[in-house]
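Here is a short briefing on one protein chain. Please look over the sequence and the model before reading on.

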Amino acid sequence: MGALDILRAVFAGLLILLLPGLAWSFVLLHKRTITWLERVVASVGLSMALLVVTLFVANRFFRVSINLRSSAVIVLLLVTVALLVALLQRRRGLAFWLRR
């Protein structure tokens, strides 16, 4: 196993196990009530759950085959939607359930 394979595995692990959940954790979890360690642990769980459900729905209802390309596109879509929702929450104050 060469250095390129190790680098590829680390990048794929971060992309799949951390990035979607981290983006959605900023949408769903208030930043003052959770530490970074808790956010990272929650992100791994959120990422796994979101990817499994999204890939299942895409495959079952839209006949999208599950492969590397479709998985990468779904990860990028999940992250993009989460970032847009977070941006709207900050700009328009849509996170009314987070206010105390």
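The notes below go from the whole chain to single residues.

This is a predicted model, in which local features need pLDDT of at least 70, side-chain atom pairs count only at pLDDT 80 or more, and totals for chains, interfaces and linings use all residues. Residues are numbered from 1 along each chain as its sequence is written, and side-chain values use heavy atoms, with hydrogens and water left out. The chain has four helices and zero strands. Helices (H or I, at least four residues) and strands (E, at least two) are DSSP runs, numbered from the N terminus.

**Whole chain**

- The order of elements from the N terminus is α-α-α-α.
- The C-alpha trace spans about 50 × 35 × 20 Å along its principal axes.
- Of the 100 residues, 25% count as buried. Buried means under 20% relative accessible area, exposed means over 50%, and partly exposed lies in between (1.4 Å probe, protein chains only).
- The accessible surface comes to about 7500 Å², and 72% of it belongs to carbon and sulfur atoms. Such areas come from the Shrake-Rupley method with a 1.4 Å probe; for residues, only the protein chains shown count as cover.
- Among contacts with a separation of 6 or more, 58% join residues 24 or more positions apart. Contact means heavy atoms within 4.5 Å.

- Helix H2 covers residues 19-28 and is mostly covered, with seven of its ten residues buried.
- The buried residues are Pro20, Gly21, Leu22, Ala23, Trp24, Ser25 and Val27.
- They pack against H1, H3 and H4.
- Leucine 19 also belongs to H2. Leucine 19 is partly exposed because its relative accessible area is 36%.
- Beyond four places in sequence, leucine 19 touches Leu14, Ser47 and Val79.
- Leucine 19 and alanine 82 are 63 residues apart in sequence, but their C-alpha atoms are 10 Å apart in space.

**Two buried serines**

- Serine 25 sits in H2, and serine 43 sits in helix H3 (residues 36-62).
- Serine 25 counts as buried because its relative accessibility is 0%. Serine 43 counts as buried because its relative accessibility is 0%.
- Leaving aside residues up to four places away in sequence, serine 25 touches Arg39, Ser43 and Leu46.
- With neighbours within four places left out, serine 43 is in contact with Leu17, Leu18, Gly21, Leu22 and Ser25.

**Nonpolar core**

- The largest nonpolar core has 13 residues, of which Trp24, Val27, Leu51, Ile74, Leu78 and Ala82 touch the most other members. A nonpolar core is a set of buried Ala, Val, Leu, Ile, Met, Phe, Trp, Tyr and Cys residues joined through side-chain atoms within 4.5 Å.
- H2, H3 and H4 each supply at least two residues of this core. H4 gives the most, with six residues.
- Leucine 78 touches Pro20, Trp24, Leu50, Leu51 and Thr54, not counting residues up to four places away in sequence.

**Second largest pocket**

- The second largest pocket has a volume of about 180 Å³. A pocket is an open set of points on a 1 Å grid over the protein atoms alone, where a 1.4 Å probe fits, with protein on both sides within 12 Å along at least five of seven lines. The volume is the space filled by probe spheres set on the points, which are joined across faces, edges and corners.
- Its lining residues (an atom within 4 Å of a point) are Arg8, Phe11, Ala12, Leu15, Ile16, Leu68, Arg69, Ser71, Ala72 and Val75.
- Helix H1 (3-17) and helix H4 (68-92) are the elements that give two or more residues to this lining.

**Loops**

- Isoleucine 34 lies in the loop between H2 and H3. Isoleucine 34 is buried because its relative accessible area is 16%.
- Arginine 63 lies in the loop between H3 and H4. Arginine 63 is exposed because its relative accessible area is 68%.
- Arginine 63 has a positive phi of about 55 degrees, although it is not a glycine. Most residues other than glycine have a negative phi.
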